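Here are a few friendly notes to read alongside the model. Keep the viewer open and take the points in turn.

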Amino acid sequence: MTTIARPQPGLPRAYRFPEFDRRTLPNGMRLIIAPVHKLPVVSIIAVVEAGATSDPRGQEGLAQLTARALVEGTTTLNGVELTERLEGIGSSIEPSTDWDHVSASTTVLTARARTALQLLGEVLMSPAFPEREIERLKRERLAELMQQRAEPRGLADEMFSRFLYGTESRYAEPEGGNEQSVGALVRADVTAFHEQRYRPGTTLLVIAGDISIPDAEQMVEETFGMWTGSALAPALVQDRPARQTRGVHLVAKADAPQSELRVGHVGVPRLHPDYFSLVIMNAILGGLFSSRINLNLREVHAYTYGAFSAYDWRRGAGPFVVSTAVKSDVTEGAVREVVHEIERMRESKPTTEELSLATSYLDGVFPIRYETTAAIAGALASMAVYGLPNDYFDRYRERIRAVTADDVLAAARAHLHPGQLQITVVGDPWVVRAPLERLELAAMTVYDTDGTPLR
Amino acid sequence: MQIPIETYRLPNGLRVSLSEDHTAPLVAVNLWYHVGSANEREGRTGFAHLFEHMLFQGSAHVEANEHFELIQRAGGTLNGSTWLDRTNYFETVPSNQLALALWLEADRMGQLLPAMTQQKLDTQRDVVKNERRWSVDNQPYGTWWERLPALAFPTGHPFHHSLIGSMEDLNEARLEDVAQFFATYYTPDNAVLSIAGDFECSEARALVQQFFGGIPKGRGKPPLPSMAVPDRFGTWHRETVPDAVVLARLFLAFRIPPFGSEGHEAASIAGAVLGLKRGSRLHRTLVRERQVAAELSAFTFDLTKGCDLLVLDVTARPEISGDMLEEEVAREVDVFREGGVTQEEVDRAIALIETSLLVSMQAAGDRADKLSLFATYFGDPSIVNEQVDRYRAVTRHRVEAFAQAYLGDDNRASLLYVPRDPALEAEAHAEMAATSR
């Protein structure tokens with residue numbers, strides 16, 4: 001068979017993120033419209049500053065409960081009727097809650113966009129919050145918590161946050177609250193929360209798809225024009241770590257064939273000036289398949305199916321965390337390698353190949369991220385909630401390409417703290433405890449799956 | 001919504017589908033090999049999936065894991081997946097990198113074996129075993145996607161055994177097996193190549209000819225054993241699995257006409273009426289009204305050989321036992337079967353399916369995969385343009401006829417997960433607490 005040489009790329013073809021119109025309505029609601037005339041579909045996202053960090057202390061889970069209860073009926077349509085109207089036009093609205101926001105979104109055929117927007121408006125502005133459904137949603141949340149505790153990945157995520165953040169931080173508890181905080185919630189809490197947080201001034205609407213700016217504007221004015229009221233000031237986020245020293249936390253799960261590992265510490269807020277350097281640094285360390293952590297743990301040592309590192313970007317400082325699941329009897333080796341790779345990242349600059357892989361990937365993949373109206377709408381929502389400038393997407397690729405090896409090293413030295421790592425292992429204590437202690441990384445505490453320290 | 005499609009076949013048997021779309025400067029390359037776990041011989045369960053891993057370990061002109069790195073360096077995304085009767089490999093790249101993507105796929109289709117080593121096999125075997133631990137062994141309910149096919153297909157049927165394979169069989173995989181599997185199944189006449197996105201057909205044809213044209217046709221693959229099964233179970237199979245779970249969970253499966261047959265569309269609509277989203281029958285009655293279920297879904301496997309399966313997947317609330325859950329779900333199915341369905345329910349299902357099909361046509365990678373699917377299973381990629389119309393044509397009567405014929409208790413397989421004996425759990429917990437220091 002003849003050898004055909006590896007082909008060279010052709011000339012790159014130009015791409016520009018879709019143009020959009022960004023404005024604020026007289027009542028304070030923010031609106032972004034991005035016409036995208038590819039297929040006859042429209043994505044609509046409403047983003048409200050009513051996320052988990054708005055939960056009053058002791059009422060963790062109120063934001064999520066309120067968001068889920070939005071679609072249980074409005075003042076004009078009961079829950080069943082509302083669902084029938086939405087799904088009858090091929091739409092559905094499943095509100096989701098994160099730390100800073102609630103998102104209620106739908107994607108529909110163009111011809112249905114007006115109706116979908118009207119229904120979305122009713123859901124946001126005049127939910128009925130029927131008591132029976134509030135109680136039902138509370139019980140569903142409790143069932144969810146039970147499932148999570150029995151499931152090693154969810155358990156590792158929950159425990160890791162608890163060990164990372166001080167008890168004063170909202171980030172220490174799950175987004176949806178725990179059994180005590182959710183169990184105590186009543187309908188009056190939900191209606192008050194909605195009254196205080198769901199207002200024009202705290203709401204952003206993004207419409208991306210097969211629609212013109214004037215048509216979108218008109219639909220929005222029709223639906224939301226009469227909405228009034230002002231909201232409480234957004235909550236301040238407390239994101240301080242629980243401790244400044246390294247810790248090892250073993251959550252005992254008998255007979256586990258694998259250990260779920262979460263190794264990391266408190267990171268930095270989304271709007272930190274080193275954001276782009278950190279994105280590249282993380283890609284090299286553990287963000288790509290060919291990253292240091294994944295190649296080490298998966299391809300060199302065969303410890304795992306996959307290992308990666310990530311920054312959880314939030315308004316406050318979310319975690320920096322390395323995540324992986326490894327065969328129980330190599331837990332100690334995997335932890336040692338992860339810590340080693342984090343330390344190594346601070347020792348010297350990345351190689352030219354490592355840097356170019358990360359930058360050319362993030363530069364080249366850019367258009368591939370935005371093939372769908374939902375992805376475009378989501379990106380615009382992100383831009384707006386973080387207050388990023390209108391040219392953010394137009395400048396994204398050049399800012400990625402501008403990151404140098406020196407920048408990566410400086411970011412690693414400034415923001416990776418091996419001495420503050422919280423190493424969380426959900427695994428079989430009979431197999432992993434003694435080897436982990438031999439690593440002598442830090443004092444170890446053993447917990448049961450409720451997070452109670454064991455003697 | 002119609003996409004343009006050109007389709008042709010190389011002399012070596014490779015079927016090619018091309019669909020141009022110049023809205024964004026990217027192109028998706030998608031390859032289906034018509035081989036999956038169904039083709040594994042006894043004692044080698046999990047081999048097709050292990051083999052998929054080996055495809056990323058290099059070929060004559062590509063180093064181990066270099067495929068991944070080259071595509072990512074080019075600014076592309078990529079992956080592969082193994083299923084019961086097909087394995088796919090796909091990448092989406094900036095459109096100026098089409099040649100690289102095709103060259104890489106051709107190099108491993110034509111010249112994989114020079115790069116295969118014992119060490120690579122051993123490493124990937126360990127990676128796959130870790131994948132099994134992660135997705136099956138260390139996951140509550142993780143064994144469902146082994147147990148359900150085992151329950152729904154008789155012993156010896158190609159779909160009966162585990163897709164990811166047992167640890168014992170994985171240990172037995174040899175380098176000779178790799179060579180033989182490759183020679184038998186990874187041939188151009190057993191493959192379909194689809195390209196969707198920003199390219200010119202003439203350019204693509206030339207590249208395909210240049211890279212794939214010289215790969216020899218295969219020598220033919222052994223036929224699969226008969227996939228024929230009775231169109232109904234003939235009974236109600238039951239399996240109960242005590243597991244490390246806190247909530248009971250029921251997978252209730254029905255044999256249905258195979259994907260692609262006219263009966264399948266009515267089955268899909270019935271599944272959507274019963275269990276798709278909040279407006280579905282089961283959600284309304286079991287989650288909202290009676291509050292016996294915490295969550296649920298309905299789905300089909302979309303198998304084209306022999307029969308397909310419609311599955312209702314329902315998780316119980318904490319205070320509901322497995323038996324109670326099964327009773328409740330079965331009653332709602334009986335009500336559906338005996339009481340018929342409204343036009344509104346059928347219209348709703350069609351509207352939801354139509355939106356989802358249209359939305360899924362936005363990404364070039366999804367379009368390319370659909371083209372490969374319809375070319376592989378039906379020899380006709382243009383069916384992708386008929387999907388919506390086929391669902392729109394389903395009438396209330398067809399749905400009711402389907403329910404009458406297929407949703408009775410003579411056509412059920414229940415896989416029921418229940419919490420292990422709670423007393424035993426408490427004892428184990430106490431012992432552990434006592435011995436920990």
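1. How many of the 455 residues of chain A, as a percentage, count as buried? The share is 59%, where buried means under 20% relative accessible area, exposed over 50% and partly exposed in between, with a 1.4 Å probe and protein chains only.

2. Before going further, please note that this is a predicted model, in which local features need pLDDT of at least 70, side-chain atom pairs count only at pLDDT 80 or more, and totals for chains, interfaces and linings use all residues. Residues are numbered from 1 along each chain as its sequence is written, chains are lettered from A and ligands numbered from 1 in the order in which they are written, and side-chain values use heavy atoms, leaving out hydrogens and water.

3. Chain A holds 16 helices and 12 strands; these are DSSP runs numbered from the N terminus, helices being H or I with at least four residues and strands E with at least two. Its C-alpha atoms fill a box of roughly 65 × 65 × 45 Å along the principal axes.

4. Now to chain B and helix α15 (residues 396–406), where the buried residues are B:V399, B:F402, B:A403 and B:Y406. Seen down the axis of α15(B), they fall within an arc of 95°, so they line one face of the helix; the arc is that of the directions from the helix axis to the C-beta atoms. Their cover includes β8 (249–256), α9 (262–275), β10 (308–316), α11 (322–339) and α12 (343–359) of chain B.

5. Two backbone angles deserve a look. Most residues other than glycine have a negative phi. A:E440, not a glycine, has a positive phi of about 50°, and its place is the loop between α16 (429–439) and β12 (444–447) of chain A. B:N65, also not a glycine, has a positive phi of about 65° and lies in the loop between α1 (47–54) and α2 (66–73) of chain B.

6. Are these two residues buried or exposed? A:E440 is exposed, with a relative accessible area of 70%, whereas B:N65 is buried, at 12%.

How values were computed: Contact = heavy atoms within 4.5 Å.
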